[in-house]
Amino acid sequence: EPDPGKAAASLAQSLESQTGAPETRFETTRPRSSSNRLETFRDWSVSTYKFTRQVLSEKFGRGTRTIDTELQDRVDSLRDTQRKYADILRLARQLNARLAGVFQTQRALA
C-alpha cells in the first residue's frame, strides 16, 4: 500500500511546480479510475488540512514555528543586503543634498 505522506507530498510538490504556489483546488491532468482519484483527493485533503492546521497554530501562538534553516539563511542574507542598500541610498541622498548646496553656493558666488 502506498504511503499517504509520500503521495500527498508528491502531489503538493507537483502542484507547486506547476503554479509556483500551493494549489487550493483539485485538478487531475489525466483520466484516472474513481478509486485512484478518491485516494489522491484524500491524500491531498489530509496534506492540506495538516498544512492549514500548522499555519493557524503558528499564527495563534499555540504551536512552534516551522523553520527551514536553508531558507532562513537566505532570508537573513537578503535582509543584510537590503540593509546595505538602504545605507547606500541614505549616503547617496546625503551626497546629493551636499552637492546641491555646493552648486547653489557656486551660483551665488558667480
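**View 1. Asp-68 in the loop between helix 2 and helix 3 of a predicted model.** Asp-68 is partly exposed at 45% relative accessibility (buried means under 20% relative accessible area, exposed over 50%, partly exposed in between, with a 1.4 Å probe and protein chains only). Together with Glu-70, Asp-73 and Asp-76, Asp-68 forms a patch of negative charge on the surface. Such patches hold residues with over 30% relative accessible area and no salt bridge, like charges being joined within 9 Å and nonpolar side chains (Val, Leu, Ile, Met, Phe, Trp, Tyr) within 5 Å. Asp and Glu count as negative, Lys and Arg as positive, while His and the chain ends are not counted; each charge is placed at NZ of Lys, CZ of Arg, CG of Asp or CD of Glu.

Residues are numbered from 1 along each chain as its sequence is written. In this predicted model, local features need pLDDT of at least 70 and side-chain atom pairs count only at pLDDT 80 or more, whereas totals for chains, interfaces and linings use all residues; side-chain values use heavy atoms, with hydrogens and water left out.

**View 2. The salt-bridge network of Asp-80, Arg-83, Lys-84 and Asp-87.** A salt bridge is a side-chain nitrogen of Lys or Arg within 4 Å of a carboxyl oxygen of Asp or Glu. Asp-80 and Lys-84 meet at 3.4 Å, N to O; being four residues apart in helix 3, Asp-80 and Lys-84 are separated by about one helical turn. Asp-87 and Arg-83 are also four residues apart in helix 3, and the closest N and O atoms of their salt bridge are 3.7 Å apart. Asp-87 is partly exposed at 30% relative accessibility, as is Arg-83 at 45%.

**View 3. Helix 2, residues 34-59.** Helices are DSSP runs of H or I with at least four residues, strands are runs of E with at least two, and both are numbered from the N terminus. The 26 residues of helix 2 reach 37 Å from the first C-alpha to the last, close to the expected 38 Å (1.5 Å times one less than the number of residues). Asp-43, buried at 5% relative accessible area, forms a salt bridge with Arg-42 at 3.5 Å between the closest N and O atoms. Arg-42 is partly exposed, at 42%. Gly-61, which follows helix 2, has a positive phi near 75 degrees.

**View 4. A nonpolar surface patch of Leu-95, Leu-99, Val-102 and Phe-103.** The four residues have about 350 Å² of accessible area together, computed by the Shrake-Rupley method with a 1.4 Å probe, only the protein chains shown counting as cover for residues. Leu-99 lies in helix 3, residues 69-109, and is partly exposed at 37%.
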